[in-house]
Amino acid sequence: MINFIENPVMIQFMHRHLGVVIVLSLVALSGYVFCNKKSTKYQKQIMGILLGATLLQMALGILTLIYIVPIGLASLHQCNAIIMLVLAMTLIHTMRYEYSN
């Protein structure tokens, strides 16, 4: 079990696969948001921005690895993760508010 948190190769492996799971989950969620008749224009805009931020996150992650972890790219990767978190929380909040009424 200690291999999961102390082995850099295992951490990189889990990080990449978590990214794939997040992308696939967002694709499924975007299908739901864009095809649902109850979704508002605001929710669709947030979903579109979230998908764009996700593509940016993937590109930043790949570039960070290619250029052997420069601090600038790694920091942008972290900042974009925070933006994605805020967007996802906003989307979930608006969906919960809209559909609970």
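Let's start with threonine 54, which touches Val23, Leu26 and Met84, leaving aside residues up to four places away in sequence. By contact I mean heavy atoms within 4.5 Å. Threonine 54 sits in helix α3, and with a relative accessibility of 5% it counts as buried. On that scale, buried is under 20% relative accessible area, exposed is over 50%, and partly exposed is in between, using a 1.4 Å probe and protein chains only.

A word on what you're looking at: this is a predicted model, where local features need pLDDT of at least 70 and side-chain atom pairs count only at pLDDT 80 or more, while totals for chains, interfaces and linings use all residues. Residues are numbered from 1 along each chain as its sequence is written, and side-chain values use heavy atoms, with hydrogens and water left out.

Now the overall layout. The protein chain has four helices and zero strands, running α-α-α-α from the N terminus. Helices here are DSSP runs of H or I with at least four residues, strands are E runs of at least two, and numbering goes from the N terminus. The C-alpha trace spans about 50 × 30 × 20 Å along its principal axes. The radius of gyration is 16 Å, whereas a compact globule of 101 residues would come out near 13 Å. That radius is taken over C-alpha atoms, and the globule rule is 2.2 Å times the number of residues to the power 0.38. Of contacts between residues at least 6 apart in sequence, 56% join residues at least 24 apart.

So what is inside? Of the 101 residues, 24% count as buried. The largest nonpolar core has ten residues: Leu26, Val33, Ile46, Met47, Leu50, Ala53, Met84, Leu87, Leu91 and Met95. Two or more of these residues come from each of α2, α3 (41-66) and α4 (71-100). A nonpolar core, to be clear, is a set of buried Ala, Val, Leu, Ile, Met, Phe, Trp, Tyr and Cys residues joined through side-chain atoms within 4.5 Å. Take leucine 87 from that set: leaving out residues up to four places away in sequence, leucine 87 touches Ile46, Ile49, Leu50 and Ala53. In soluble globular proteins, nonpolar side chains tend to be buried together.

Let's move to the outside. The accessible surface of the protein chain is about 7,400 Å², and 75% of it belongs to carbon and sulfur atoms. These areas come from the Shrake-Rupley method with a 1.4 Å probe, and for residues only the protein chains shown count as cover.

Which residues form a nonpolar patch on the surface? They are Met1, Ile2, Phe4, Ile5, Ile11, Phe13 and Met14, with about 750 Å² of accessible area together. Both α1 (3-6) and α2 (8-35) supply at least two residues of the patch, and α2 gives the most, with three. Isoleucine 2 belongs to the segment before α1, and it counts as exposed because its relative accessibility is 53%.

My last stop is the loop between α3 and α4, where you'll find isoleucine 68 and valine 69. Isoleucine 68 has a positive phi of about 60 degrees, although it is not a glycine. Valine 69 is also a residue other than glycine with a positive phi, near 55 degrees.

How values were computed. Patches are made of residues with over 30% relative accessible area and no salt bridge: like charges are joined within 9 Å, nonpolar side chains (Val, Leu, Ile, Met, Phe, Trp, Tyr) within 5 Å. A salt bridge is a side-chain nitrogen of Lys or Arg within 4 Å of a carboxyl oxygen of Asp or Glu.
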